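Hello,

Here is the structure we talked about, ready for you to open next to this message. Below it you will find my notes on what turned up.

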Amino acid sequence: MKKTMILSTVILLFISILAGCEGLNDYSTNPNHQLRFSVDTLSFDTIFSTVGSTTKQFMVYNPNEEALKIESIVLANAGKSGFRMNVDGRKGSSFQGVDVWKKDSLYVSVEVTVNPNGGNQPLVIEDSILFYTNGVRQSVLLQAYGQDVHLIKGGVTFTEDTTLTADLPYLVYDSLLVAEGATLTVEKGVTFYMHNRASLIISGAIKAKGTQEEPVVIRGDRLDYIPANVLLPYDRTPGQWQGIYFTASSFDNEFDYVIVRNGVSGLTCWESTPERMKINIRNSQITNMDGNLLIAINCRVEASNSEFSNATDATLALIGGKYHFTHCTIANYQRLATRNIQNPCLMLSDNMKTDEEETVFALQQAWFDNCIIDGSFSADSTRPYRGEILFLTGNEQMEQGNDEAFNYRFNACFIKTARINNERFINNLFIKSPSYLKKGTDEDVYEYDFRLANDSEGIGKADRSVSEHYPVDRYGVERLTTSTGPSIGAYEYVYQEEDKDDM
């Protein structure tokens, strides 16, 4: 009896398997039954030579009511173009007899590596994946742009004076160190692509000499778009690389027409002395950091015609030392932070606390002329020294200012804070924010443009005697020759024609 039951079970199982296999070889041979693809062209943004790309995928669909057997899937120029493919988890350049059941699909993943081409201009690399089904050939075009670079990998230290030219971009994988006593000169048009966690560490000096037409650019190396938002490039997101650090021995640094964006931190000036210039920043943009944008401890920093914008922590954190900012836009409307914004955009302090001790540094000078200091914090009209400015001092009386220990001045600035009656605040605008051309909204796809809009306050409100020393803004706009100038901030106001579609 027991043997009979076992035999019956085996027979039933065999019949079940046969039933399940019914139709496995029932493939359509109709040439009109074709595949469908999620893309016609799979495009990669610029790929650095010898460095592998990110992986991109597309879907292959069988929209028919019958199964299809793909006779072959072939990478047309395998081994020559630099493209590599993976079909439903299998690597290779050619596959035969691939089944796609009715109303089913499969994944194709693609990567690419670009061979050096010996030039500074990107070149187009193309290939195709060919699909043969029922005698019909279909294809998906693969397309990428290749760019040669100087690869800096494994940690590189410049121990002697060095000049970098713009013959090719520089891809920094780890750290680039300028040793004490050495000067790194960066010529106009140079671009640094910084890999994840890469940093510039300056113990000597860096002199970055860009121009309006050919600035020096220091940015992350992700050139593609965020998968969840095909309109948002990684280049607009913070935290792509580590930051730039000026050690205690570093002095006489210069940034002229330099753009630094999208790091964890921006410029960090370690504890030093205000008796020598730490860095002079002119006509530059430091923007979009996932920590502090610029922090300086007992240093001397000067900045003019420059934008400091968008940070998860402070935009400017100045602790002791001597500082002078003229015609700068200091604004924080960070919308892609990894956590809540922690601090107002401008912090002035005369002390630094650690777990072990508190060190006091005299704030010998913190002067702001014709600057915008603005952000998403409330102006808090009931309390002075709040909103987008914060004074951190162990003695509250110092908030009123002290020529020796807490010496600050705001002249003809636009400050989002409560109205302050203090002789150190001269001809300023308070409480409101200026109106900008773009403030990083979803509609702007997180793109910012801190030039003043037509209806903004601050137009024509700058101290002209100061502007005479800075007659042209970062974009080359004359400050003193227009009927509306000079305006507060890094950018001189230019009338914007209204879009007729918006009228």
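Phenylalanine 58 has valine 108 in E9 as its bridge partner. Please keep in mind as you read that this is a predicted model. Strand E4 and strand E9 (residues 105-112) are joined by 6 bridges and run antiparallel. They belong to an open sheet of 5 strands, with antiparallel pairing and the order E1-E4-E9-E6-E7. At its edges stand strand E1 (36-37) and strand E7 (90-92); each has a single partner strand, so one side of each is left without a neighbour in the sheet.

In the loop between helix H1 (2-21) and E1 you will find proline 31. Proline 31 is partly exposed, because its relative accessible area is 42%.

**Aromatic rings**

How many aromatic pairs does the count come to? The answer is 22 aromatic pairs. One of them joins phenylalanine 58 and phenylalanine 131 edge-to-face, with 6.5 Å from centre to centre and 80° between the planes. That pair links distant parts of the chain, as phenylalanine 58 is in strand E4 (residues 56-61) and phenylalanine 131 is in strand E10 (residues 123-133), 73 residues apart. Phenylalanine 58 counts as buried because its relative accessibility is 2%. Phenylalanine 131 has 0% relative accessibility and therefore counts as buried too.

Another pair to look at is phenylalanine 391 with phenylalanine 406, which is edge-to-face at 5.6 Å centre to centre and 70° between the planes. Phenylalanine 391 lies in strand E39 (residues 389-392) and phenylalanine 406 in strand E40 (residues 406-411), so this pair ties together parts that are 15 residues apart in sequence. Both phenylalanine 391 and phenylalanine 406 are buried. They also belong to a cluster linked by ring pairs, made up of Phe308, Phe325, Phe368, Phe391, Phe406, Tyr408, Phe410, Phe425 and Phe430.

Rings meet charges as well. Arginine 222 lies over the face of tyrosine 234, 3.8 Å from the ring centre. The charged end of lysine 278 sits over the ring of phenylalanine 251, at 4.9 Å from its centre.

**Parallel strands**

Strand E19 (residues 199-202) runs parallel to E24, and 4 bridges join them. Within this pairing, leucine 200 has isoleucine 244 in E24 as its bridge partner. E24 is also joined to strand E27 (residues 267-269) by 3 bridges, again in parallel. There, the bridge partner of isoleucine 244 is leucine 267 in E27.

Are the two faces of strand E24 (residues 243-246) covered or uncovered? Both are covered: Gly243 and Tyr245 are buried on one side, and Ile244 and Phe246 are buried on the other. As background, side chains in a regular strand alternate between the two faces of the sheet.

There is also an open sheet of 11 strands with parallel pairing, in the order E12-E15-E18-E21-E26-E29-E31-E33-E38-E41-E43. Strand E12 (150-152) and strand E43 (429-430) are its edges, each with a single partner strand, so one side of each is left without a neighbour in the sheet. Strand E41 (residues 414-415) pairs with E43 in the parallel sense over 2 bridges. Here isoleucine 415 has phenylalanine 430 in E43 as its bridge partner. Phe430 is also one of the rings in the cluster described above.

The largest pocket holds about 430 Å³ of space. It is lined by 21 residues, and the closest to its centre are Arg261, Gln285, Thr287, Glu447 and Tyr448. Strand E26 (258-261), strand E29 (285-289), strand E31 (307-311) and strand E45 (448-452) are the elements that give two or more residues to this lining. E45 gives the most, with 4 residues. By class, the lining of the largest pocket has 7 nonpolar, 6 polar and 8 charged residues.

The second largest pocket has about 370 Å³ of space. Of the 21 residues that line it, Gly52, Thr54, Asp221, Arg222 and Leu223 are the closest to its centre. Its lining has 8 nonpolar, 8 polar and 5 charged residues.

Conventions. Residues are numbered from 1 along each chain as its sequence is written. Side-chain values use heavy atoms; hydrogens and water are left out. Rings of Phe, Tyr and Trp (its six-membered ring) pair if their centres lie within 6.5 Å; planes under 30 degrees apart count as stacked, over 60 as edge-to-face and the rest as tilted. Buried means under 20% relative accessible area, exposed over 50%, partly exposed in between (1.4 Å probe, protein chains only). A charge sits over a ring if NZ of Lys or CZ of Arg is within 6 Å of the ring centre and within 35 degrees of the ring normal. Two strands pair if DSSP finds at least two bridges between them. On a 1 Å grid over the protein atoms alone, a cavity is a set of points where a 1.4 Å probe fits but cannot get out, and a pocket is an open set with protein on both sides within 12 Å along at least five of seven lines; lining residues have an atom within 4 Å of a point. Grid points are joined across faces, edges and corners, and a volume is the space filled by probe spheres set on the points. Ala, Val, Leu, Ile, Met, Phe, Trp, Tyr, Cys and Pro count as nonpolar, Asp, Glu, Lys and Arg as charged, and the others, Gly among them, as polar.
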